[in-house]
Amino acid sequence: MSDDLNGPGYIHTFRVGLHDTDAAGVLFFAQLFRHAHEAYEAFMAHIGFPLPEMIRQGEYHLPLVSAQADYLAKISHGDDIQVTVQVAQMSTRSFSMAYTFTAGRRKTVAHAKTVHVLIAHPDKRIAAPLVLPQALRIALARYQQPPPATD
């Protein structure tokens, strides 16, 4: 994952709480994903697709099917963290989100990436992934990272 944020990003902030840390006083590794998911939920609401409403309507779901993270620097109790959320990639049936965690003077402390696939509500018994609705694709595209430069 690149340190560059060339495209527009949605910004989500949080302060590392004591409950986020391990016995050494640093962010417990799994908590990074909790904060990434909170940023994802805020992002989805921001673009007009609030997850609680999507779940209540019951038409489809966007389960997370892959997650990865790189930890670049110590994240400690009390740190103010900014998460920049961008759409890393989008296909017909899925999209991946890129999260850049920064602290202090924009020091990158971590990166995370999640992949989400659109499926029908489990009660509909459709096993195959569905095509992303056009309105969702348009909303996501506003926050898509530019493609990598080629020589």
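**Salt bridges, sheet and core**

Mentor: Glu38 and Arg34 both lie in helix 1, four residues apart, which is about one turn of the helix. Helices (H or I, at least four residues) and strands (E, at least two) are DSSP runs, numbered from the N terminus.

Trainee: Before we continue, what kind of model is this, and how are residues numbered?
Mentor: It is a predicted model, in which local features need pLDDT of at least 70 and side-chain atom pairs count only at pLDDT 80 or more, while totals for chains, interfaces and linings use all residues. Residues are numbered from 1 along each chain as its sequence is written, and side-chain values use heavy atoms, with hydrogens and water left out.

Trainee: How do the side chains of Glu38 and Arg34 meet?
Mentor: They form a salt bridge, at 2.7 Å from N to O. The term stands for a side-chain nitrogen of Lys or Arg within 4 Å of a carboxyl oxygen of Asp or Glu.

Trainee: Which residues are linked with Arg34 in a network of salt bridges?
Mentor: The network links Asp20, Arg34 and Glu38. Between Arg34 and Asp20, the N to O distance is 2.4 Å. Arg34 lies in helix 1 and Asp20 in the loop between strand 1 and helix 1, so this pair ties together parts that are 14 residues apart in sequence.

Trainee: Is Asp20 buried or exposed?
Mentor: Asp20 is buried, at 1% relative accessibility. Buried means under 20% relative accessible area, exposed over 50%, and partly exposed in between (1.4 Å probe, protein chains only). Arg34 is partly exposed at 27%, and Glu38 is partly exposed at 32%.

Trainee: How many salt bridges does the structure hold?
Mentor: It holds three. One of them joins Arg15 and Asp80, whose closest N and O atoms are 2.7 Å apart. Arg15 belongs to strand 1 and Asp80 to strand 4, so the pair ties together parts that are 65 residues apart in sequence. Arg15 is exposed, with a relative accessible area of 54%, whereas Asp80 is partly exposed at 46%.

Trainee: Changing topic: in what order do the strands of the sheet run?
Mentor: Five strands form an open sheet in the order 1-4-5-6-3, with antiparallel pairing. Two strands pair if DSSP finds at least two bridges between them. The edge strands, strand 1 (10–15) and strand 3 (64–71), each pair on one side only.

Trainee: How many bridges join strand 3 to strand 6?
Mentor: Seven, and the two strands run antiparallel. Among the residues involved, Asp70 has His111 in strand 6 as its bridge partner.

Trainee: And what does helix 1 touch?
Mentor: Helix 1 (residues 29–46) packs on the sheet and touches strands 1, 3, 4, 5 and 6. Contact means heavy atoms within 4.5 Å. The direction of helix 1 makes about 115 degrees with that of strand 5. Axes are lines fitted to C-alpha atoms, for helices over the stretch in contact, and angles run from 0 to 180 degrees between N-to-C directions.

Trainee: Which residues have the most contacts inside the largest nonpolar core?
Mentor: Phe43, Met44, Tyr99 and Phe101 do, in a core of 35 residues. Such a core is a set of buried Ala, Val, Leu, Ile, Met, Phe, Trp, Tyr and Cys residues joined through side-chain atoms within 4.5 Å. Helix 1 gives the most to this core, with six residues.

Trainee: What is Phe43 in contact with?
Mentor: Leaving aside neighbours within four places in sequence, Phe43 is in contact with Tyr10, Val85, Val87, Met97, Leu140 and Tyr143.
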